[in-house]
There are 2 protein chains.
Amino acid sequence: MSGMSENAVRKVRDQIEDALVSGEFAPNGRLDEVQLATRFGVSRTPVREALMQLSAIGMIELRPRRGAIVVAHGPAQIYEMFEVMAELEGLAGAHAARRLTDEDRNSISKAHDRCRAAAEAADLDGYYYENEAFHVAIYAATHSGFLAEQCGALHRRLRPFRRLQLRVPNRLKASFEEHDRVTTAIFSGDAEAAKARLRAHVIVQGDRFGDLVAAYEQARLRQAV
Amino acid sequence: MSGMSENAVRKVRDQIEDALVSGEFAPNGRLDEVQLATRFGVSRTPVREALMQLSAIGMIELRPRRGAIVVAHGPAQIYEMFEVMAELEGLAGAHAARRLTDEDRNSISKAHDRCRAAAEAADLDGYYYENEAFHVAIYAATHSGFLAEQCGALHRRLRPFRRLQLRVPNRLKASFEEHDRVTTAIFSGDAEAAKARLRAHVIVQGDRFGDLVAAYEQARLRQAV
DNA sequence: AATCCTCATCTTGTATACAAGAAGTCTGAT
DNA sequence: ATCAGACTTCTTGTATACAAGATGAGGATT
């Protein structure tokens, strides 16, 4: 059965990614090609392609002749990732504030409203999703295709950890309030303020860092069973 | 002939990359898999893997069922890329200034000296190479594996354009003088200065932008023949 | 004559076969 | 009994075979 529907490799990649995010594939664990192939009902070829894509994203490590292993991110690595993300998001915010069009304002505003609804309903999964849309709307407002692309890639890479962050008590409400300040800054055209607000929103500092590490460890322990 | 030496795909990838950088494969041109396979004396499999890696880096576009085409970067796209690079390099410089160890200082200093030698000898290719080493030394000095990785990836992606930049008259000497200011700032532990110097060094603004666009167009025209 | 449909060919996407390196195991020697 | 070396097996890396979508040409119809 060849050329089944359109892209088997994408499907395999997404499924592996989900398994990684959900923690089914534990850090430092080996990923066997034939095992994955039989599991997803495809041959080794698309599996290998998917693994290479995941390796390019940095979710797994591909050692030559040694196979693929799930990379283990310690607290320091997680902090580093959010630090870089904060820098890029800050740049995106500054650009968005300067280059905002009516459409941009509209889409950001809509996404912000949906975040508000999810936050008030204490809908964790809903907020997780709408939060992504909010940030993507800001990326689009930069009118820099490359910056938007880079931000999107990093955003995606940090997805599993962001999901953890939201589990911290009261983080959801605090996140929305930060969104509000970000939106205000961007809409007022204040590039410097937008940059600062977004950096502060994204970076994981002080208490938030400890909270995230704790949530991460807890998730790992839960998985270890 | 299978499993020849160690990694055929890497060799193929580098060769395709070289052909892209040198302009042999013109923008918007199609890359035929079997053609590349016969040219490099391998099968289609490693060629496909190499193409996917290049697609992940952004050097080519892989349209489903339509093959690979060389992406065409306009002046605006090039500017956007250097803008993002400048932001990340600035962050790297700030970290390097704060976290510099004796080894870091040594490796940066050594790389800087080699840049000086190449600049004084007006050795374009030599400077091109040593310049990379200089920047990589700074990435290492950040002691942030993720930031270093991101900077390295972007640096690599911008390689072809940086090569063009150096062709601009006097750019080599100016570049070295900027390196000198960057080095001073980092060695003095002044994070803010290091960030500013590196941003200024990397970003392509004003005259330099025009120069780069001109060099780029010239290279494209030369290739069109 | 122009346009649309069909068919042939070309190219990509997937599967399978094959070869070589790596890791673990078993045996023999000290 | 322990350690070292060779062998076996397992897994990755590469090649080739096969299938399906896409493109282009040619013919038929309006």
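Select A:Asp113 and A:Arg116: their side chains meet in a salt bridge, 3.4 Å from N to O. A salt bridge here is a side-chain nitrogen of Lys or Arg within 4 Å of a carboxyl oxygen of Asp or Glu. This is a predicted model, in which local features need pLDDT of at least 70 and side-chain atom pairs count only at pLDDT 80 or more, while totals for chains, interfaces and linings use all residues. Residues are numbered from 1 along each chain as its sequence is written, chains are lettered from A and ligands numbered from 1 in the order in which they are written, and side-chain values use heavy atoms, with hydrogens and water left out.

Stay with this pair. A:Asp113 and A:Arg116 are 3 residues apart in helix H5 (residues 102-120) of chain A, so they are separated by about one helical turn. Helices are DSSP runs of H or I with at least four residues, numbered from the N terminus. An α-helix has 3.6 residues a turn, so residues three or four places apart point the same way. A:Asp113 is partly exposed, with a relative accessible area of 38%, and A:Arg116 is partly exposed at 30%. Buried means under 20% relative accessible area, exposed over 50%, and partly exposed in between (1.4 Å probe, protein chains only).

Next, show both chains. Contact means heavy atoms within 4.5 Å, and 26 residues of chain B are in contact with 26 residues of chain A. Chain B and chain A bury about 2,300 Å² between them, 56% of it on carbon and sulfur atoms; buried area is the accessible area (1.4 Å probe) that two parts lose on being put together, summed over both. On chain B, select B:Val84, B:Glu87 and B:Phe146, which lose the most area to chain A, together 27% of what that side buries.

The rule finds 6 salt bridges across this interface. For one of them, select A:Glu149 and B:Arg157, whose closest N and O atoms are 3.2 Å apart. Helix H3 (44-57), helix H4 (75-99) and helix H7 (145-157) of chain B each give two or more residues to the side that touches chain A. H4(B) gives the most, with 9 residues.

Now move to helix H6 (residues 124-141) of chain B, which has 18 residues. Its buried residues include B:Tyr127, B:Glu132 and B:Phe134. The buried residues of H6(B) pack against H4, helix H5 (102-120), H7, helix H8 (159-165), helix H9 (171-187) and helix H10 (191-202) of chain B. Just after H6(B), B:His143 takes a positive phi of about 55°.

From B:Phe134, go to B:His112, which touches B:Phe134, B:Phe176, B:His179, B:Asp180 and B:Thr183, not counting residues up to four places away in sequence. B:His112 lies in helix H5 of chain B and is buried, with a relative accessible area of 5%.

B:Glu132 is buried, at 15% relative accessible area, whereas B:Arg159 is partly exposed, at 25%.

Last, select B:Glu17 and B:Arg156, a salt bridge of 2.8 Å, N to O. B:Glu17 is in helix H1 (residues 8-22) and B:Arg156 in helix H7 of chain B, 139 residues apart.

Definitions and conventions. Expected span 1.5 Å × (residues − 1).
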